[in-house]
Every structure is written in structure tokens, then in C-alpha cells.
Amino acid sequence: MKRIGFDGVFLMPAFIIFTLFLVFPVISSFYYSMTDWNGLDSTMEFIGLDNFQRMFQDKAVWSGLKNTFIIALLVTVFQNVIGLLLALGLQGTGRINRVMRVWFLFPALLSPLAIGYIWSYMYNPLFGVINSILEFIGLSDWTQDWLGDKKLAIYSVIFANIWQWVAFSMIIYVAGLQSIPRDMYEASNIDGAGALSRFKHITFPLIAPAFTVNMVVTMIVGLKLFDILFVMTNGGPGGATENLALMLYRQAFGMNQMGYANAIAILMFVIILIFSLIQVTLLRRREVEY
């Protein structure tokens, strides 16, 4: 008992901080989602589940939900595929590999807002560098209004986000690859296994923990993407890139409907929780010990 009490003294600050900055905001968000609070007045009326009923009848919410899933799916798939390919190519400990890993990691060190402004300039249909390069190499027919076209805008933003964070996934995969015992590869070479066979039977199964971490993190980032989307399109054109995070911000700070915004926040919380639990449960099954 003395030992438990002694440990509890050291755990108490972390417990208080966790409760104050995580548990209390989540519980209070549930409460505010059932009120008509505008975020400014000290008075509010309890309205039960009216905000949730309104949310599920709102076509804009369903459109935002669709965009949220598109962003999360494409970010999760492509960021992990490209990150793994980069890790396989740069997993060595040589100087050039170390320099290249730092080089690729540089965009992740910048603010998403700065990245958003940079890519907005590059996507500009009149003087952006992307259209200029296409015209220079004789592909004028490929020039586009990358952020002004409803069909292209969301994919343009997704590409910029993947470009910034792909090295983050690469670093996690490199750590996983470098933890694999070298003698396994030496034994497979003696057995005459090819590169594809080594990847399938050694590399891919043994980087499962890195794969789990990357998949869950990138999916969560995709589901709540906000900053780069806010800078590059602000939900436009015509709501083509509006996701739940942008809707939450607009309802809370643009329309002063804090109760409704909290209902959207609860929806995002539930979606992220469910998908995270499903991913962790499924991906942990393929992890092996060695």
C-alpha cells in the first residue's frame, strides 16, 4: 500500500493534466452539443438531441462527410505506399542516404500554413510554376485551374498534404526496416530467395508495427485535416473541398453556433475512434515477434 501511495504522488500531476486538458473538454463538448449556445452569451438552453437531428438532415454535412472519407482514404493509402518505397530506397546507413532522408524530411518541419501558401502559388493557373513547366515542355493542353476546378481541387490539396508528410511515414518505416536482424536476409540469400520473396516473407511481416503506427496516424490526420485545406481552398470551389473540420470551424467561429459545432465535433470524435479501433485491431493481428 505504501508503494502504491508513493507511486500515486508522482502520477498525480500527469493525471490532473490529462483530466483537465483531455477528459474535461471531451465531456463538456458532449454537453454543449445538446445546447443552443452561441459561444458568446453566458446563457444557453438545453435542447437535447436537436443538434444531432439537424446535423443528419443537413445535406452539407453528408457532403462534408464524403469529402472527409475521400481525403482520409487517399492520404492513408498514398502516403504509406510512397513512404514505404522511399524507406526501402533510403534505408541504408551511408552518407548519401542520411542526407537524402533529411532532405525529404524538410517539408515536414515547415508550418502547414506555409506549405498551403506555397502550393497555392504553385497551383495558380496564371503564373503558377506547375502550369509554366507544363507549357515549357509542350504540354499546354495539360494546364489546369488546379484549385478552381471542382473535380481537381480536393486532389490538389491531398497531393500537397502528402508531399509535406510523406517523409514522416518514411522515417517510421526506416526505423522498422533497420530493426530487422541482418542474419535473416543473409539466410534468405543462402536459400536463393529473390528480392520480391525477401520483401514478402521477411521485410513486410517484420515491419508490421511500423505499418500499424503509420496507417493509424495518417488516417487520423486525414480525417481531421484542416489547416492546409483552410489556406488553399477554404472549402471551395462551391463546397467541393469542404470537410467536417472546416464545417466545424465555420459553424463555431463564423456563424456562432457553438452547440451545432460541438455536435459535428462529436461526430468526428466517434468516426475517428471507431476507425482507429478497427485499424488497430486488424493490423495488430498481422504483427509477428522475432
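User: What places S156 in helix 7?

Analyst: S156 lies within residues 153-178, the span of helix 7. Helices are DSSP runs of H or I with at least four residues, strands are runs of E with at least two, and both are numbered from the N terminus. This is a predicted model, in which local features need pLDDT of at least 70, side-chain atom pairs count only at pLDDT 80 or more, and totals for chains, interfaces and linings use all residues. Residues are numbered from 1 along each chain as its sequence is written, and side-chain values use heavy atoms, with hydrogens and water left out.

User: Why is S156 called buried?

Analyst: Buried means under 20% relative accessible area, exposed means over 50%, and partly exposed lies in between, with a 1.4 Å probe and protein chains only. The relative accessibility of S156 is 5%, so S156 counts as buried. Of the 290 residues of the protein chain, 39% count as buried.

User: Which residues does S156 touch, leaving out those up to four places away in sequence?

Analyst: They are Y123, W146, L147 and M232. A contact requires heavy atoms within 4.5 Å. Among contacts in the protein chain with a separation of 6 or more, 67% join residues 24 or more positions apart.

User: How many helices and strands does the protein chain have?

Analyst: The protein chain holds 13 helices and 0 strands. Its C-alpha atoms fill a box of roughly 75 × 75 × 30 Å along the principal axes.
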